[in-house]
Structures are given as structure tokens and as C-alpha cells.
Amino acid sequence: MKIAMLLSGGVDSSVALAELVREEKHQIQAFYLKIWLEDDLQYLGQCPWEEDLQYAQGVCEKLGVPLEIVSLQTAYWDRVVSHSISELKAGRTPSPDILCNQNVKFGAFCDLIDASYDRIATGHYARQRLHNGHQQLLKGVDPIKDQTYFLSRLSRVQLDRAMFPIGHIPKREVRALAAHYDLPTQARPDSQGICFLGKLKFSEFVKAHLGEWPGDIIDVASGRVLGAHKGFWFHTIGQRKGLGLSGGPWFVVQKDPAKNIVYVSSEEGRLQRPQLNFSISSMHWLEEKPDLNRFYTVKIRHGERTTECRLSDLGEGRLQVELGQPDGGIAPGQYAVIYDGDLCLGAGVID
């Protein structure tokens with residue numbers, strides 16, 4: 001096949017490329033996607049895109065694969081960043097990485113390259129299975145690294161063209177393969193940044209676009225003011241770190257955008273406020289709409305944890321999700337991703 005390999009300069013995409021090269025049967029072109037923020041907000045701190053590019057170039061030289069740099073700054077702003085900013089301002093919690101995969105890596109980039117490329121490969125930890133002529137999305141074998149949460153809004157057309165060469169490999173083996181191939185990225189630490197931010201702190205990005213608006217942090221149980229924050233948009237439901245409060249632990253449980261109040265609860269109080277039900281809208285199905293008379297599992301955020309749930313139809317494209325166990329971090333604006341075992345069924349936006 002003719003494959004477009006998206007290379008980030010990290011170990012995962014590097015090993016994915018090496019695995020494709022090892023098969024010795026594909027025509028491969030590597031691409032490094034240059035992102036908008038690296039130019040526009042460079043004054044906020046060091047954005048290491050040049051270092052990422054150097055690693056990507058080193059990997060391609062090692063493996064004998066050509067590399068092309070593609071600028072997608074405008075697409076990132078129009079399809080990811082502007083939406084994320086508006087969601088933050090409305091008090092919701094956006095998921096930029098989901099938008100990035102849907103609208104840029106498998107969206108704007110697909111529009112840019114020609115149709116001769118059979119597949120677009122990435123270093124995501126996810127698997128695929130051909131079923132009734134279409135590719136299904138399955139969890140990666142490493143439950144901690146599984147990234148199907150971030151791929152859950154791909155269309156069927158996008159998923160059919162996608163390729164995930166390391167989804168069947170545990171992370172520790174990926175590291176071992178990087179050493180085996182003697183890749184320049186073998187000792188490079190994993191990136192924890194949001195797709196379009198690189199290693200820039202999220203709080204700095206938010207401050208640059210929304211500024212600061214001092215307000216109160218209030219104990220939801222007693223109504224007592226515990227401290228101050230710099231703007232509700234810096235905080236998300238379920239957040240524990242970075243509140244600057246004593247006598248905790250304290251968790252963010254609610255926000256009031258109109259009054260600029262962040263409400264928190266202690267661990268004990270949080271457990272007394274279980275959230276067992278929530279609704280989702282803008283549902284996107286990768287599979288046929290599931291039978292609502294049985295149990296599924298749901299991820300409310302990226303990570304290993306999945307929770308048993310039941311779904312019920314609220315009409316007008318909305319679903320009610322009833323959890324088998326309470327969760328204190330259900331954040332409006334985030335995505336709830338529905339699974340049937342390892343099979344990703346689709347995702348909706350938490351209302």
C-alpha cells in the first residue's frame with residue numbers, strides 16, 4: 001500500500017514507522033504536521049517544535065523514509081482551537097485531541113494529500129478489525145495507553161483509511177522496539193501536552209486568550225469561601241491539583257460561569273454527591289445504533305477506567321447514561337465514549 005505516516009518526533013510514531021518499514025512491502029511517505037501555535041504564541045515560552053522536527057528527521061534518516069513538513073496552522077485554529085476557546089468561556093471542558101484527530105489529522109490533512117494514499121498511519125494505541133466491509137475501532141492491547149477515546153469521533157470513511165501499526169503492542173514493548181531499531185527517539189519521554197500545545201502549559205494558553213478574572217472558590221456543602229481563583233475557565237470538573245487550598249483534599253464539583261464561582265467539595269462530601277446519571281447529545285456512532293436493553297461500558301475521560309452503564313433514549317438525538325458506579329468527575333463539554341467490550345461504538349458530548 002501507499003501510506004502517509006504522521007510522524008510527531010515521539011517514540012510511538014517512530015516505532016509505528018519502523019514497523020511499517022520492516023514489512024518491506026509498502027511505499028511510505030512520512031509527514032510532520034506543523035501546528036499554528038508554535039508561531040503565534042511563541043512568546044509564552046519555549047515551544048519545542050524544532051526539537052520535535054529534528055527527532056522526526058533523525059528517525060526518517062535512520063529508516064530511509066522521505067519526510068515532508070506540512071503547515072496546518074489555519075486548520076488547527078478554525079477546526080480545533082476556536083471551538084476549544086468558546087467551550088472554555090462557556091464553562092464547559094473541551095476535548096481538543098478528539099477534535100484534532102477528527103478535523104485535522106484525518107480531516108484537513110486528508111484533504112491536502114492526493115487520493116493515491118491508501119492509508120494514513122499514526123502512532124495511536126488502537127486496533128482495527130474488518131467487519132462487513134468496514135474497519136471497526138478496537139481498544140489497544142495496553143489498557144493504560146489505549147487511545148480509542150481520542151479516535152471515537154472519526155467517521156467510517158476516516159476509520160477505513162486509518163492505520164495504527166502499534167495498537168497490538170504494549171507500551172513497554174514499544175520502548176524495547178525503539179531500542180532494537182536504534183531509533184533516535186528511544187529514550188525520549190512521552191509527551192503529556194494537548195495536541196496543538198506541545199509542551200506549553202495549558203493555563204498559559206488559556207490566559208493568552210481569555211485573560212484572568214479573579215473569583216471565589218466556595219465549599220459547595222457549607223457555602224464558605226475557601227480561597228480565590230483567577231478565572232473559572234482555568235478549572236475543570238473533578239480537578240484536584242492546583243487549587244491552592246488547605247485542609248483537603250478538595251475537588252472541583254461545579255462551576256458558575258455567570259458569577260465566576262468555582263465550587264469544591266472535600267473527599268467525604270464528594271462521595272456524598274454521587275453522580276450516577278447524565279445525558280449526552282451530538283451522538284456519533286461508529287457502529288449501528290446499539291440495543292438499549294443491555295449493558296455497555298463508558299469512558300468519561302481518557303484513561304484506563306471504564307464504567308458499566310445502561311443507555312436510554314431521551315429523543316432528539318440525546319441519550320441518558322446510567323452508571324453502575326458513581327463518578328465525581330463528569331464534566332459538561334467532555335465526551336462520553338461507549339464500548340461493547342473492546343469495540344468502540346461511538347461518542348456523545350456530555351450535557
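Visitor: Which helix and strands each supply at least two residues of the lining of the second largest pocket?
Guide: The model is predicted; local features need pLDDT of at least 70, side-chain atom pairs count only at pLDDT 80 or more, and totals for chains, interfaces and linings use all residues. Numbering starts from 1 along each chain as its sequence is written, and side-chain values use heavy atoms, without hydrogens and water. A pocket is an open set of 1 Å grid points over the protein atoms alone, where a 1.4 Å probe fits, with protein on both sides within 12 Å along at least five of seven lines; lining residues have an atom within 4 Å of a point. Helices (H or I, at least four residues) and strands (E, at least two) are DSSP runs, numbered from the N terminus; the suppliers are helix 1 (11–22), strand 5 (126–131) and strand 7 (162–163).

Visitor: Which residues lie nearest the centre of the second largest pocket?
Guide: The lining has 16 residues. By class, seven are nonpolar, four polar and five charged. Nearest the centre lie Gln128, Met163, Phe164, Pro165 and His168.

Visitor: Is Ile218 buried or exposed?
Guide: Ile218 sits in strand 8 (residues 215–219). Buried means under 20% relative accessible area, exposed over 50% (1.4 Å probe, protein chains only). The relative accessible area of Ile218 is 11%, so Ile218 is buried.

Visitor: How far apart in space are Ile218 and Asp313?
Guide: In sequence, Ile218 and Asp313 are 95 residues apart. C-alpha to C-alpha, the distance in space is 35 Å.

Key
Nonpolar A, V, L, I, M, F, W, Y, C, P; charged D, E, K, R; others polar.
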